Amino acid sequence: MTGVLSVITCLDDTAGERLIHEIGSADHDIVARVGSAHDLIDVLRGCAVDGVVVSATRRHLTLEVLAEADEAGVRIVAVAGDDAERRYALSLGLFEVVDARGPWSDIEVLLRGGIAVSLGAPAQRGAGTVIAVWGPAGAPGRTTVAIQLASELAFRGRTVALVDADTYGGAVAPSLGMLDESPSFAAACRLASRDSLTLAELERIASRYASPRSEFWILSGIGRASRWPELGADRVTSVLSTCRQWVDYVVVDTGFNLETDEEIASDMFAPRRNAATLAALRQADHVVAVGAADPIGLSRFLRAHVDLLEQVETAQISVV
Ligand SMILES: Nc1ncnc2c1ncn2[C@@H]1O[C@H](COP(=O)(O)OP(=O)(O)O)[C@@H](O)[C@H]1O
Ligand SMILES: [Mg+2]
């Protein structure tokens with residue numbers, strides 16, 4: 001769909017100048033430029049427009065603004081400078097949120113209603129969704145799918161943390177070109193074991209990954225596979241439940257191995273190599289099971305899928 005859009009802007013200085021310039025360059029009409037929620041409500045009452053572009057701050061965006069726009073049947077897109085602003089918009093129930101550094105085209109798509117944001121009810125604090133990405137041996141593409149999933153969820157305005165819980169070869173950070181990452185997931189696990197993992201600590205140790213389309217948090221994996229004992233089941237469970245309070249979606253890249261024989265063979269309390277994967281699968285609300293589409297990949301997938309069904313009871317499983 002094309003055509004000239006008439007818009008009202010209510011933006012802070014950081015995003016404002018650039019976006020207003022881009023809107024002009026794209027030949028759209030800026031009907032009014034205002035600087036506060038109060039003025040925005042006044043203007044909305046007086047004129048018919050296609051959309052409103054507003055900074056996701058308390059000064060620019062309020063419940064009254066949303067009510068007024070709903071009343072007038074006008075679409076609103078919020079522009080967030082950071083996660084706090086993003087959360088603020090979401091807390092008001094506005095899901096059309098884009099990154100303040102993103103291009104005008106991202107906003108335009110939402111103003112035209114091109115993307116259906118049908119991700120369910122707004123996430124409550126403490127009720128983030130855990131999605132575990134799993135697949136059998138042989139590199140079927142777990143890490144690739146986990147990264148894409150995180151980046152698409154973030155692009156659709158949700159806060160996201162991508163957690164690398166693969167104890168056989170954590171590859172999230174290197175796949176994103178972050179080569180000297182210290183394993184922040186292991187750090188989170190250690191803090192959790194001392195009951196001192198808070199949201200502030202998570203934001204301190206996690207890295208922020210910015211792609212051209214979206215931004216999300218990363219808790220990177222253990223580079224040296226020999227560090228797997230740091231990722232014990234209780235620790236992983238505890239970190240993931242803290243992450244639920246932190247972000248809307250926790251995407252977990254897991255290992256492939258679901259064997260639990262070693263649990264029987266070894267001491268009950270000894271940390272076990274597959275514990276992180278198993279704990280993530282048990283915590284997950286959704287499991288994305290990834291298989292390779294060649295004869296070996298498929299037979300591996302089908303055999304391991306039987307084990308997967310034994311491990312997860314409540315989660316929804318989608319097959320890729
Ligand atoms: N759909 C795909 N088609 C072709 N190659 C892929 C696909 N998904 C992943 N790959 C490649 O396969 C390799 C392994 O992918 P990765 O996601 O790291 O697998 P895993 O995490 O399951 O070990 C990488 O080189 C990746 O670029
Ligand atoms: Mg991987």
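**View 1. The seven-stranded sheet.** An open sheet of seven strands runs in the order β8-β9-β7-β10-β6-β11-β12, with mixed pairing. Its edge strands are β8 and β12 (316–319), and each of these pairs on one side only. From one strand to the next, the twist averages 25°. This is a predicted model: local features need pLDDT of at least 70, side-chain atom pairs count only at pLDDT 80 or more, and totals for chains, interfaces and linings use all residues. Residues are numbered from 1 along each chain as its sequence is written, while chains are lettered from A and ligands numbered from 1 in the order in which they are written. Helices (H or I, at least four residues) and strands (E, at least two) are DSSP runs, numbered from the N terminus. Two strands pair if DSSP finds at least two bridges between them. Axes are lines fitted to C-alpha atoms, for helices over the stretch in contact, and angles run from 0 to 180 degrees between N-to-C directions.

**View 2. The β8–β9 hairpin.** Strands β8 (residues 207–210) and β9 (residues 215–219) pair in the antiparallel sense over four bridges. Four residues lie between the two strands of this hairpin. Arg-208 stands opposite Trp-217 in β9. Five of the five residues of β9 are buried, so β9 is largely enclosed by the rest of the structure. A residue is buried if 20 or more other C-beta atoms lie within 10 Å of its own, exposed if 12 or fewer, and partly exposed in between; C-beta atoms are placed from the backbone.

**View 3. Strand β7 and its partners.** β7 and β9 run parallel, joined by three bridges. Here Ala-161 stands opposite Trp-217 in β9. Strand β7 (residues 160–165) also pairs with strand β10 (residues 249–254), in the parallel sense and over six bridges. The bridge partner of Ala-165 in β10 is Thr-254. Helix α10 (residues 233–246) lies across β6 (129–134), β7 and β10, running at about 170° to β7.

**View 4. The largest nonpolar core.** This core has 62 residues, and those with the most contacts inside it are Val-160, Ala-161, Leu-162 and Val-251. Helix α8 (residues 184–193) gives the most to this core, with seven residues. Apart from it lies another core, of 32 residues, including Ile-76, Val-79, Ala-80 and Leu-111. A nonpolar core is a set of buried Ala, Val, Leu, Ile, Met, Phe, Trp, Tyr and Cys residues joined through C-beta atoms within 7 Å. Which residues does Leu-162 touch, not counting residues up to four places away in sequence? They are Ala-146, Ile-147, Ala-150, Val-172, Phe-216, Ile-218 and Val-251. Two residues are in contact if their C-beta atoms, placed from the backbone, lie within 7 Å.

**View 5. Helix α12, packed among strands and helices.** Eight of the nine residues of helix α12 (residues 275–283) are buried, so α12 is largely enclosed by the rest of the structure. The buried residues are Ala-275, Ala-276, Thr-277, Leu-278, Ala-279, Ala-280, Leu-281 and Gln-283. They pack against β6, β7, α10, β10, β11 (286–289) and α13 (295–311).

**View 6. The shell around ligand 1.** Around ligand 1 are Gly-135, Ala-139, Pro-140, Gly-141, Arg-142, Thr-143, Thr-144 and Ala-171. A residue is near a molecule or strand if its C-beta atom, placed from the backbone, lies within 6 Å of it. The shell divides into three nonpolar, four polar and one charged residue. Ala, Val, Leu, Ile, Met, Phe, Trp, Tyr, Cys and Pro count as nonpolar, Asp, Glu, Lys and Arg as charged, and the others, Gly among them, as polar.

**View 7. The five-stranded sheet.** Five strands form an open sheet in the order β2-β1-β3-β4-β5, and the pairing is parallel. β2 (29–34) and β5 (97–99) are the edge strands, each pairing on one side only. The twist averages 25° from one strand to the next. Strand β4 (residues 75–80) and β5 run parallel, joined by three bridges. Val-79 stands opposite Val-98 in β5. Helix α4 (residues 83–91) packs on the sheet, touching β4 and β5. The direction of α4 makes about 155° with that of β4.

**View 8. The whole chain, for orientation.** The chain has 13 helices and twelve strands. Its C-alpha atoms fill a box of roughly 75 × 45 × 35 Å, taken along the principal axes. Of the 320 residues, 44% count as buried.
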